[in-house]
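User: Hey, can you walk me through this model? I'd like the overall fold before the details.
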Amino acid sequence: MTTPPNRFGPTRRTATALLLAGLLSGCITLPGRNACPQSEKAESLQGSWLAQLAGSDAVWTLRLAPHPEHKGSWRGELIQGDKRYAVVADLDDGEFTMEETHDGQRIAATWLGSRLAGDCTRTLQGHRIENDQTRQAFTLRPAP
């Protein structure tokens with residue numbers, strides 16, 4: 001007795017091989033080319049930063065320390081020459097928010113930004129928005 005040829009054999013084997021390859025590829029994680037080492041400091045704003053507003057050559061120094069009353073937040077000063085402005089800041093899942101006051105009572109500007117994807121230097125970019133809705137792009141980098 002002879003058996004008829006299997007018309008679906010090669011097709012079924014190819015489909016099974018593709019399915020198996022797809023399932024196995026999800027198990028393999030290759031390191032990214034721009035993978036940055038993870039550390040506690042990656043989500044920390046503590047320390048000194050250099051702040052530059054687009055269209056300006058002036059560089060501000062931003063100094064932040066943990067906020068004594070709000071865990072996970074920071075407070076500090078934005079400094080340029082004789083100008084010193086109080087600030088409070090947060091960094092939540094890479095989203096940066098900072099409020100700047102010139103008189104200690106009212107918010108003069110809000111800084112909204114995010115970390116650059118794949119940037120191991122912890123650079124933040126976004127916009128500084130004044131009360132009149134004037135927007136100016138900024139870049140924040142850790143001070144050397």
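Analyst: Here is a quick tour, from the fold down to single residues.

Analyst: Keep in mind that this is a predicted model: local features need pLDDT of at least 70, side-chain atom pairs count only at pLDDT 80 or more, and totals for chains, interfaces and linings use all residues. Residues are numbered from 1 along each chain as its sequence is written, and side-chain values use heavy atoms, with hydrogens and water left out.

User: Fine. How many helices and strands are in the chain?

Analyst: One helix and eight strands, where helices (H or I, at least four residues) and strands (E, at least two) are DSSP runs numbered from the N terminus. From the N terminus on, the order is α-β-β-β-β-β-β-β-β.

User: And what do the eight strands close into?

Analyst: A barrel, in the order β1-β2-β3-β4-β5-β6-β7-β8, with antiparallel pairing; two strands pair if DSSP finds at least two bridges between them. The twist averages 30° from one strand to the next, with axes being lines fitted to C-alpha atoms and angles running from 0 to 180 degrees between N-to-C directions.

User: How many bridges join β1 to β8?

Analyst: Five, and those two strands run antiparallel. On β7 (residues 124–130), six antiparallel bridges pair the strand with β8, and Q125 stands opposite T139 in β8. β7 and β8 form a hairpin with four residues between them, and Q133 in the turn has a positive phi of about 75°.

User: Switching topic: which residues have the most contacts inside the largest nonpolar core?

Analyst: L45, L62, L64, L78, F96, W111 and L140, in a core of 20 residues. A nonpolar core here is a set of buried Ala, Val, Leu, Ile, Met, Phe, Trp, Tyr and Cys residues joined through side-chain atoms within 4.5 Å; buried means under 20% relative accessible area, exposed over 50%, and partly exposed in between (1.4 Å probe, protein chains only).

User: Which strand gives the largest share of this core?

Analyst: β4, with four residues. As for L62, not counting residues up to four places away in sequence, the residues touched by L62 (contact means heavy atoms within 4.5 Å) include W49, L78, V87, M98 and L140. L78 in turn stands opposite Y85 in β4.

User: What about aromatics, how many pairs does the count come to?

Analyst: Three aromatic pairs. The rule: rings of Phe, Tyr and Trp (its six-membered ring) pair if their centres lie within 6.5 Å, and planes under 30 degrees apart count as stacked, over 60 as edge-to-face and the rest as tilted.

User: Why is the W111 and F138 pair tilted?

Analyst: Because the planes of W111 and F138 are at 55°, with ring centres 5.0 Å apart. That pair links distant parts of the chain, W111 in β6 and F138 in β8, 27 residues apart. Both W111 and F138 are buried, and together with F96 they form one aromatic cluster.

User: Last one, T97. Is T97 buried, exposed or partly exposed, which one?

Analyst: Partly exposed, because the relative accessible area of T97 is 31%. T97 is found in β5 (residues 95–101). Leaving aside neighbours within four places in sequence, T97 is in contact with V88, A89, D90, W111 and L112.
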